[in-house]
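Work through the following exercises with the structure open beside you, and try each task before you read its solution.

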Amino acid sequence: WILFESFVEVLPSMPDDTSSPWTDPLPVTWYCIEDSDPYTYGSIVVKHSAKVRLCEQHFNEGSFRKAYRMEIIDGFDGTFDLYACKFYKESKFQTKSIYFQDAKMQFEANKFADMYNHKKPPKTVHFLPLWVVQFETPVTGEGTWAHVEGFVNGTYVKWTNNMDYIRDIEVTNTPTAFSHFTYEASDHKMLVCDIQGVYRESDTCHEYIYTDPQIHCVDLHWGTGDLSITGIQMFFSVHQCNAICKGLGLSNREPMVRPLYAPTTFRMDPTNEGSVFLQGDPSSPLLRRNQQQQQQGHGKE
């Protein structure tokens, strides 16, 4: 296997100056995921018409995406003052199905967050709403499809990936306990991982704001970053149950051995930065199942 070391990513605060020009108001179709079924892959999507403007210079660029400052001019109230509009850099990933799959996955992850918070943990977790927008024409040299999230200032940290990386066991009690909780809450069918985002603390608030998760599902619903049972086993091979796991009454799971089968190569996943996806070795049972799911139409909006 080729493993990629995870990292801590510090995103700059949203620029305060207005030296970079803004686009003229741009009409967009704004898609909101209102409900989703992880087993049928159906969802309820509500469309809105809106006008937005983008800063012509991106404020951050990763391996696969660029992020632009965005403001809503008219037509949709997303409750944030500023937004991050993210485009995949390569045109082959600028597809409706990829953007909607990411949005549905984040919606599903937040349903687990709501269940987790209902248990009154010491620190709450939330996933940012992730919207899909479609511009009438390509803008700022990018495509017509994009993701939009509310912009949150702070230091973005990647606590886990979708394999067996945990940043620092001593400071990841909540992120790893949350992943463990999702496995129990789904009746051992799913696990939310690739936990990253911002931690915010004040006199009245102790919360994690997460974004860009990956879900492993025994039925392989969630794209090429979904490593199914193999990914679940890899998480538990390094997870050490902590005080939060015990407080939630989660099963005390001993570290598991690595799975008996896996594809020979993992590569960076272009649809979810910082994680990996299946490649090569057509004899791999996991890869065959993934391909069968895709042929049956899973992952399409």
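**Exercise 1: Cysteines**

Cys-55 is buried, with a relative accessible area of 3%, where buried means under 20% relative accessible area, exposed over 50% and partly exposed in between, with a 1.4 Å probe and protein chains only. This is a predicted model, in which local features need pLDDT of at least 70 and side-chain atom pairs count only at pLDDT 80 or more, while totals for chains, interfaces and linings use all residues. Residues are numbered from 1 along each chain as its sequence is written, and side-chain values use heavy atoms, with hydrogens and water left out.

Task: Find how many disulfides the model has, and examine Cys-245.

Solution: Begin with the general idea, that a disulfide is a covalent bond between the sulfur atoms of two cysteines. The rule used here asks for a pair of cysteine sulfur atoms within 2.5 Å, and by this rule the count comes to 0. For Cys-245, the closest cysteine sulfur belongs to Cys-241 and is 4.3 Å away, which is too far for a bond. Cys-245 is itself buried, at a relative accessible area of 1%.

**Exercise 2: Aromatic pairs**

Task: Classify the pair of Trp-30 and Tyr-83 and the pair of Tyr-88 and Tyr-99.

Solution: Rings of Phe, Tyr and Trp (its six-membered ring) pair if their centres lie within 6.5 Å, and planes under 30 degrees apart count as stacked, over 60 as edge-to-face and the rest as tilted. By this rule the count comes to 25 aromatic pairs. With 6.2 Å from centre to centre and 80° between the planes, Trp-30 and Tyr-83 are edge-to-face. Trp-30 lies in strand E1 and Tyr-83 in strand E5, so this pair ties together parts that are 53 residues apart in sequence. Both Trp-30 and Tyr-83 are buried. The pair of Tyr-88 and Tyr-99, by contrast, is tilted, at 5.2 Å centre to centre and 50° between the planes. Tyr-88 in strand E5 and Tyr-99 in helix H1 are 11 residues apart. Tyr-88 is buried at 1% relative accessibility, and Tyr-99 is buried at 0%.

**Exercise 3: A buried asparagine**

Task: Locate Asn-161, and state which backbone nitrogen its side chain reaches.

Solution: Asn-161 is placed in the loop between strand E9 (157–158) and helix H2 (173–185). At 5% relative accessibility, Asn-161 counts as buried. Its side chain reaches the backbone nitrogen of Tyr-165 at 3.2 Å.

Notes
Helix = DSSP H or I, 4+ residues; strand = E, 2+ residues; numbered from the N terminus. Polar contact = N/O pair within 3.5 Å; in protein donor to acceptor, adjacent residues only side chain to side chain.
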